[in-house]
Amino acid sequence: MPPSPRSNVVVPLLTEPAGAKLRRVTAGSAIYERLHSAIVSLQMPPGMPLQEKRIAEEFGVSRTPVREALLRLAEAGLVDIFPQSGTFVSLVPVAAIPEAVVIRKSLEGTTVETATAIAAPADIARLDAIIARQRVHAAHNETSLFHEQDEAFHEAIAGIAGYPGIWSILKTVKIQIDRARRLTLPALGRMESVIEEHVTIRNAIAAHDVEGARAAMMHHLSAVIPDVAELRIMHPDYFC
């Protein structure tokens, strides 16, 4: 059954995220990327109806690339298409989260171990710059920008390890975790805790302490996984 419509939610689909760069993409890909970002960030919340006509008008395109984008989002588990009822942002599937956690811990355990063994001073400086930006965003309570730098930190570690493809895989695996996590970042002190955990990981990498870096990463990943049971109580319409 489709979720309860949230027809009162109005989202300016053409609003560019902060720091976004223009690049040449097909209409379908541009729509997909914009909707993907809005859904994962909860700008478009679970259960929100998506109207092909409205999206096509806002992008100034026909419905064909809109349908293309919506089908890709459905394959990614971010929208549900009900032929007789319409298209809706999907609810967050609780059952998908535990497996995603296992995959993330396994792959990021590998990247942080490898990065720790080979990290150069320039790599540590790169991590320091990301953490510095996180401190600024936390001080201004800029949760979306903070989350972007959180992603950048983990992506940087994969890059240092020489495994950028692992991060590409993880981005698809952890989509539902990210949606749930967006509900936890506003919690008092959570951003500061994330920074402290990142600093611990950074220090272990700088010291080439492979075991310490892996332990710090496992602790961090366990801490960032949301308490889904509690979130379901707070946001019962968001989960299935």
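**Entry 1: glutamate 52 and arginine 67.** I looked up this pair in the predicted model. Their side chains form a salt bridge, with N and O 3.1 Å apart. Glutamate 52 sits in helix H2 (residues 52–59) and arginine 67 in helix H3 (residues 63–75), so the bridge ties together parts that are 15 residues apart in sequence. I then checked accessibility. Glutamate 52 is partly exposed at 21%, and arginine 67 is also partly exposed, at 40%.

**Entry 2: arginine 214 and glutamate 113.** I found a salt bridge between these side chains, 3.3 Å from N to O. Arginine 214 belongs to helix H10 (residues 210–224) and glutamate 113 to helix H4 (residues 97–118), so parts 101 residues apart in sequence are tied together. Arginine 214 has a relative accessible area of 30% and counts as partly exposed. Glutamate 113 is partly exposed, at 30%.

**Entry 3: lysine 174 and aspartate 178.** Are these two residues buried or exposed? I noted that both lysine 174 and aspartate 178 are buried. The closest N and O atoms of their salt bridge are 2.8 Å apart. Shared partners join Glu151, Lys174 and Asp178 into one network of salt bridges. In total I count nine salt bridges.

**Entry 4: the whole protein.** I listed 11 helices and three strands. The order from the N terminus is α-β-α-α-β-β-α-α-α-α-α-α-α-α. Of the 240 residues, 44% are buried. Of the contacts between residues at least 6 apart in sequence, 76% join residues at least 24 apart. The accessible surface is about 12000 Å², and carbon and sulfur atoms hold 56% of this surface.

Technical notes
Residues are numbered from 1 along each chain as its sequence is written. This is a predicted model: local features need pLDDT of at least 70, side-chain atom pairs count only at pLDDT 80 or more; totals for chains, interfaces and linings use all residues. Side-chain values use heavy atoms; hydrogens and water are left out. Helices (H or I, at least four residues) and strands (E, at least two) are DSSP runs, numbered from the N terminus. Buried means under 20% relative accessible area, exposed over 50%, partly exposed in between (1.4 Å probe, protein chains only). Contact means heavy atoms within 4.5 Å. Accessible areas come from the Shrake-Rupley method with a 1.4 Å probe; for residues, only the protein chains shown count as cover. A salt bridge is a side-chain nitrogen of Lys or Arg within 4 Å of a carboxyl oxygen of Asp or Glu.
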